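User: I'd like to get to know this model through a few questions and answers. Let's look at it together.
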Protein chains: 2
Amino acid sequence: MTMSTEAASPATPPGAATPSRKTRSDGDRTRRAILEAATRLATLEGLDRLSIGELAAQIGMSKSGLYAHFGSKEELQLATIDAAEAIFDEVVVAPAATAKPGIPAVLALSDAFLGHLEARVFPGGCFFACASAEVQARPGALKDRISEFDARWKARFVDQLRYAQQRGDISASEDIEQLWFELDAYLLYAHAAFAFRADSEVLARAGSAVRHRLGVPT
Amino acid sequence: MTMSTEAASPATPPGAATPSRKTRSDGDRTRRAILEAATRLATLEGLDRLSIGELAAQIGMSKSGLYAHFGSKEELQLATIDAAEAIFDEVVVAPAATAKPGIPAVLALSDAFLGHLEARVFPGGCFFACASAEVQARPGALKDRISEFDARWKARFVDQLRYAQQRGDISASEDIEQLWFELDAYLLYAHAAFAFRADSEVLARAGSAVRHRLGVPT
């Protein structure tokens, strides 16, 4: 996992100059403030609209001050995705990690995902669904970075679904890739419908769909 | 249904000046060419990027020539959505309309939708899924126009699902709104995954998911 927002205490390479503690932590705080604003802006306006100028205006910094933190627009966009994943891990992945493995873990991940939509952690819904839709037709570093997130998200589910199947909690005849397709479809649709209509009924429907598909009482 | 692209032969209001046939059909051809380019561009770059300038450059017209057809960017965007719905109706809705009512009609609509993704009728996938994602956080005329499309699309399914339920082809205990949620989720997910990864396996998975959910053999 790459988390630029957690770069506060990197291992110092041998021979590297050590910045003063004050400078480093001030710089980190500023960087974090910039990236938090950027993750929110990206789900409303798009990663592509994440101009250093617009962001500077939003957080009341000079453009040159922002350039000191991010050398290019793409660097800023990639750091924003890293920051969004760190937030996603904190509010969705980590709380679900305490659930028992197998079906309970799948339900916990799904519910935490739906909960982060309802709480509007990102104002436009799922940061990664927004970003995927935006970069789908643009091969490059951003799309690759989103694909890495997708692979990690999928693995979290598929590993638990396979474990549940080995335990006999999911029928041996079930195609786990197909099951994953359907479960993730409910979650993406909940994002899209909630972001468009702000109707929390769709979140409940997604939770029911996941449970129904897994044969768990709703 | 509003189809600006079919405005070739409107009923002439009493007392209105009749333009010469040549002028009118030349103007219509140009308008159609502009809007076809616009529907394609919109799924790759976004409705918001649909600037009169960029479009003029793409189809080799002057900006002032385009302004003669569309007075503002929003007019151009709305006309583009109308044109996209006309194309969608032609390639998805109309072919499915020959199916028998009920479950066969639902399968025909789903398959025609998946087929139009595979055929890349719009290069970015489903025009309306792209447009929804883009305008979700921007209330206004464009979002209202997309909502109208959504309502028509949903009604096509829900009407057939209710008919199938009345016939006894769908269990009386089934919540049709929930069923619609799940079916449309598979279709949206197919769009998103195919647009992102260009892997037609996801189209087959969506077709299987629809059939499995309706209890129809795949």
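User: Which residue follows α2(B)?
Analyst: A word on conventions for this predicted model: local features need pLDDT of at least 70 and side-chain atom pairs pLDDT 80 or more, while totals for chains, interfaces and linings use all residues, and side-chain values rest on heavy atoms, without hydrogens and water. Residues are numbered from 1 along each chain as its sequence is written, with chains lettered from A and ligands numbered from 1 in the order written. Helices are DSSP runs of H or I with at least four residues, strands runs of E with at least two, numbered from the N terminus. The residue after α2(B) has a positive phi, near 70°, and is B:Gly60.

User: Within what arc do the buried residues of α2(B) fall?
Analyst: Buried means under 20% relative accessible area, exposed over 50% and partly exposed in between, with a 1.4 Å probe and protein chains only. In helix α2 of chain B, residues 52–59, the buried ones are B:Ile52, B:Leu55 and B:Ala56. They line one face of the helix because, seen down the axis and taking directions from the axis to the C-beta atoms, they fall within an arc of 105°.

User: How are the two copies related?
Analyst: Superposing by least squares on C-alpha atoms of residues with pLDDT of at least 70 in both copies, a rotation of 180° with 0.0 Å of shift along its axis brings chain B onto chain A, at an RMSD of 0.0 Å. The two copies are therefore related as by a two-fold rotation axis.

User: Is α4(A) roughly parallel or roughly perpendicular to α7(A)?
Analyst: Axes are lines fitted to C-alpha atoms, for helices over the stretch in contact, with angles from 0 to 180 degrees between N-to-C directions. Under 35 degrees counts as roughly parallel, over 145 as roughly antiparallel, 65 to 115 as roughly perpendicular, and the rest as oblique. The axes of α4(A), residues 73–96, and α7(A), residues 141–167, come within 10 Å and cross at roughly 15°. That makes the pair roughly parallel.

User: What is the relative accessible area of A:Phe157?
Analyst: A:Phe157 sits in helix α7 of chain A. Leaving out residues up to four places away in sequence, A:Phe157 touches A:Val106, A:Leu109, A:Ser110, A:Trp180 and A:Leu187. A:Phe157 counts as buried because its relative accessible area is 0%.

User: How many residues of α6(A) are buried?
Analyst: Chain A comes to nine helices and zero strands, and 47% of its 218 residues count as buried. Helix α6(A) spans residues 127–135 and is mostly covered. Its buried residues include A:Phe127, A:Phe128 and A:Cys130.

User: Which residue of chain A is in contact with B:Gly124?
Analyst: B:Gly124 lies in the loop between α5 and α6 of chain B and is buried, with a relative accessible area of 3%. Beyond its neighbours within four places in sequence, its contacts in chain B are B:Thr43, B:Leu44, B:Cys130, B:His191 and B:Ala195. From chain A, the contact is A:Gln136.

Technical notes. Contact = heavy atoms within 4.5 Å.
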